Amino acid sequence: MNRISIATAPWGGAYRPAAFAVLTWEPEALVFALSSAEAEPAARFRETNSPVYLDSCLEVFLRPWPERPEYLNFEMNANGALLLQIGAAGPGRRFLFAEEFPGCWPSVSAFRERGGWGVRLRVPFTFLRAALRIDAKPDPEAMCGNFYKCGENPPHFLCWAPVDTLWPDFHRPASFAPLRGMWNAPEQDEP
């Protein structure tokens with residue numbers, strides 16, 4: 001199984017909890033399982049699009065069609081609260097809301113495990129097509145993105161693919177890396 005380590009610390013800092021991402025796709029959705037070795041994660045926020053990045057946070061930044069400038073950022077805390085935006089290089093991100101995408105909104109389930117926590121994010125292909133206004137089904141092997149672990153107390157900013165800025169800034173599509181070969185086969189039911 002491919003397990004991506006979210007361990008690059010381009011802005012330093014002594015606090016670096018182990019964090020990982022596991023990527024799978026189903027016939028109609030992408031599935032991201034992210035985990036962190038934080039036994040006591042900060043988890044204050046519970047509402048959609050609340051500032052979960054101030055809590056202990058795991059994040060998926062995804063450009064489903066690399067030839068297009070738009071990307072999506074999914075930011076989640078240990079309560080399963082989701083902050084979801086669409087943006088492109090530079091300013092101009094906007095929040096997305098479930099009411100805009102009836103029947104295809106991404107689902108988040110948070111879990112606790114011994115010595116840590118995590119989230120499972122399921123992103124339907126219908127959501128990706130609606131959010132980016134594209135009719136074609138995306139190819140997971142052609143996508144690019146980045147994965148992050150961050151929080152304010154104690155301050156930490158970790159990523160999978162290096163980000164080249166002087167200060168923490170995850171909204172850098174130029175720092176996204178190809179996801180080819182990073183996906184795991186979907187689990188099959190036993191016969």
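Visitor: Which residue in strand 11 is the bridge partner of G151?

Guide: H156 is the bridge partner of G151 in strand 11. Strands (E, at least two residues) and helices (H or I, at least four) are DSSP runs, numbered from the N terminus. Residues are numbered from 1 along each chain as its sequence is written, and side-chain values use heavy atoms, without hydrogens or water. This is a predicted model: local features need pLDDT of at least 70, side-chain atom pairs count only at pLDDT 80 or more, and totals for chains, interfaces and linings use all residues.

Visitor: How many bridges pair strand 10 with strand 11, and in which sense?

Guide: Pairing requires at least two bridges found by DSSP. Strand 10 (residues 144-152) and strand 11 (residues 155-159) have five, in the antiparallel sense. A hairpin of two residues joins strand 10 to strand 11.

Visitor: Which residues have the most contacts inside the largest nonpolar core?

Guide: A nonpolar core joins buried (under 20% relative accessible area, 1.4 Å probe, protein chains only) Ala, Val, Leu, Ile, Met, Phe, Trp, Tyr and Cys residues through side-chain atoms within 4.5 Å. Here the largest has 41 residues, and F32, F74, F127 and F147 have the most contacts inside it. Elements that each supply at least two of its residues include strand 2 (19-26), strand 3 (29-36) and helix 1 (125-132). Helix 1 gives the most, five residues. Another core, of 14 residues, lies apart from this one; V52, C57, F61 and V163 are among its members.

Visitor: What is F147 in contact with, beyond four places in sequence?

Guide: Taking contact as heavy atoms within 4.5 Å, F147 touches residues including I4, I6, F32, E59, L158, W160 and L179.

Note on methods: Buried < 20%, exposed > 50% of the residue type's maximum accessible area, 1.4 Å probe, protein only.
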